[in-house]
Amino acid sequence: MLNIVIQRKEEYDNVKKNENDDNKKAETSTVGNLSVYNEKGENIFSCFTLENGGTSTHISGTDRRILAGVYYLRWTSSSTNSGLAIKYDYWKKANHLEKIKDGTNKKNIAVWVMSNTIENHNKRRILIHIGNSPQDTLGCILCGYINGNNGKIGNSTKAINDLFLLFEKYGIENFKLTIEEI
């Protein structure tokens, strides 16, 4: 089993997607570190994460980060993540139809963060996908190689490509995700 650990590090208030956005579009965000450890405990991948700020919750329909805990991962399709297939042809959904076994039929491939222990968690459909600001999350987990130190991350598409390639190399069912609070 490979272990993914997300350590939430810092919250930011009033983060705008663009400098020209008005205050109505400002949100809170949480930046963290994601590390993947192999069976020997060696770190084989690292990047930054971005989630919504505020209190963590399991309640569906909220634009908040998920509860700290242990999760498993599954491939899914989604309307998010279109930039991944645009930059990396390999991730076009048609190349991965056999991986998606959850009955979804959206345009893009993504990873679904699931739980057997947190009641109603799976109804939230929390995904791991590309994005750089809290406005891109909707409760999901974004990954990137650059921490802007302003509540945003960057180089997200490359980080998601590299992470998804790891999931494919080792088999997504062989990963456990642990999220730790600030």
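Which residues are linked in a network of salt bridges? In this predicted model, the network joins Arg8, Glu11, Glu51, Arg65 and Glu181. Side chains of opposite charge can pair when their charged atoms come close. Counting a side-chain nitrogen of Lys or Arg within 4 Å of a carboxyl oxygen of Asp or Glu, the structure holds nine salt bridges.

Arg65 and Glu181 meet through their side chains in a salt bridge, at 3.4 Å from N to O. Arg65 is buried, because its relative accessible area is 6%, which falls under the 20% limit. Glu181, by contrast, is partly exposed, with a relative accessibility of 31%.

The side chains of Arg125 and Asp102 form a salt bridge at 3.9 Å, N to O. Arg125 is found in the loop between β5 (108-114) and β6 (127-129), and Asp102 in the loop between α1 (82-87) and β5, 23 residues apart. Both partners are partly exposed: Arg125 has a relative accessible area of 25%, and Asp102 has a relative accessibility of 27%.

Another salt bridge brings together the side chains of Asp89 and Lys92, with an N to O distance of 3.5 Å. Asp89 counts as exposed because its relative accessibility is 51%, over the 50% limit. Lys92 is partly exposed, at a relative accessible area of 39%.

Terms used
Residues are numbered from 1 along each chain as its sequence is written. This is a predicted model: local features need pLDDT of at least 70, side-chain atom pairs count only at pLDDT 80 or more; totals for chains, interfaces and linings use all residues. Side-chain values use heavy atoms; hydrogens and water are left out. Buried means under 20% relative accessible area, exposed over 50%, partly exposed in between (1.4 Å probe, protein chains only). Helices (H or I, at least four residues) and strands (E, at least two) are DSSP runs, numbered from the N terminus.
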